[in-house]
Amino acid sequence: VIVEVFGKLTAEEQWIYHMLVDVGLSMRFVAIVLGIPKTTFARRRDALADKIRGLLLEYEVVRDRLGL
C-alpha cells in the first residue's frame, strides 16, 4: 500500500517527502532550495500530508488497521 501511494505522488511531492522524512532536512532548508517562503512551503507540506492521508484511507486494509 505504501509503495502504491508513494507512486501516486508527483516527482516533486516524492522529493519533498524524501527530503523531510528520509533525509531529515529542515523545512526551512527545503523551502530555501525550492526558492519559496517558509510559510508557503509549510502549506505545501501540510497539503502533501493531507494527500498522503487521503490516499492511504482509500485502502480497506488501512481503514481496518486504524479501526475506521
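A residue is called buried when its relative accessible area is under 20%, exposed when over 50%, and partly exposed in between (1.4 Å probe, protein chains only). By this cut-off E13, at 19% relative accessibility, counts as buried. The model is a predicted one: local features need pLDDT of at least 70, side-chain atom pairs count only at pLDDT 80 or more, and totals for chains, interfaces and linings use all residues. Residues are numbered from 1 along each chain as its sequence is written, and side-chain values use heavy atoms, with hydrogens and water left out.

The protein chain holds five helices and zero strands. Helices (H or I, at least four residues) and strands (E, at least two) are DSSP runs, numbered from the N terminus. The order of elements from the N terminus is α-α-α-α-α. The C-alpha trace spans about 40 × 20 × 20 Å along its principal axes. Of the 68 residues in the chain, 22% are buried. Contact means heavy atoms within 4.5 Å. Among contacts between residues at least 6 apart in sequence, 47% join residues at least 24 apart.

Helix α4 covers residues 38-56, 19 residues in total. Its first and last C-alpha atoms are 27 Å apart, close to the 27 Å expected at 1.5 Å a residue. The expected span is 1.5 Å times one less than the number of residues. The buried residues of α4 are F41, A42, L48, I52, L55 and L56. Seen down the axis of α4, these buried residues fall within an arc of 155°, so they line one face of the helix. The arc is that of the directions from the helix axis to the C-beta atoms. An α-helix has 3.6 residues a turn, so residues three or four places apart point the same way. On the face of α4 turned away from the buried side sit the exposed residues T39 and R43. The buried residues of α4 pack against α1 (2-7), α2 (11-23), α3 (27-34) and α5 (60-66).

Helix α2 has the buried residues E13, I16 and M19. They pack against α3 and α4. After α2 comes G24, whose phi is positive, near 85°. Leaving aside neighbours within four places in sequence, E13 is in contact with L48 and K51. The side chains of E13 and K51 are joined by a polar contact of 2.8 Å. A polar contact is a pair of N or O atoms within 3.5 Å; within protein, one must be able to donate a hydrogen and the other to accept it, and residues adjacent in sequence count only if both atoms are side-chain atoms.

A nonpolar core is a set of buried Ala, Val, Leu, Ile, Met, Phe, Trp, Tyr and Cys residues joined through side-chain atoms within 4.5 Å. The largest such core has 13 residues, of which V5, L9, F41, L48, I52 and L56 touch the most other members. Helices α2, α3 and α4 each supply at least two residues of this core. The largest share, five residues, comes from α4.

One aromatic pair is found in the whole structure. F6 and Y17 form this pair, which is edge-to-face, with 5.7 Å centre to centre and 70° between the planes. F6 lies in α1 and Y17 in α2, so the pair ties together parts that are eleven residues apart in sequence. Rings of Phe, Tyr and Trp (its six-membered ring) pair if their centres lie within 6.5 Å; planes under 30 degrees apart count as stacked, over 60 as edge-to-face and the rest as tilted. F6 is partly exposed, at 30% relative accessible area. Y17 is partly exposed too, at 29%.
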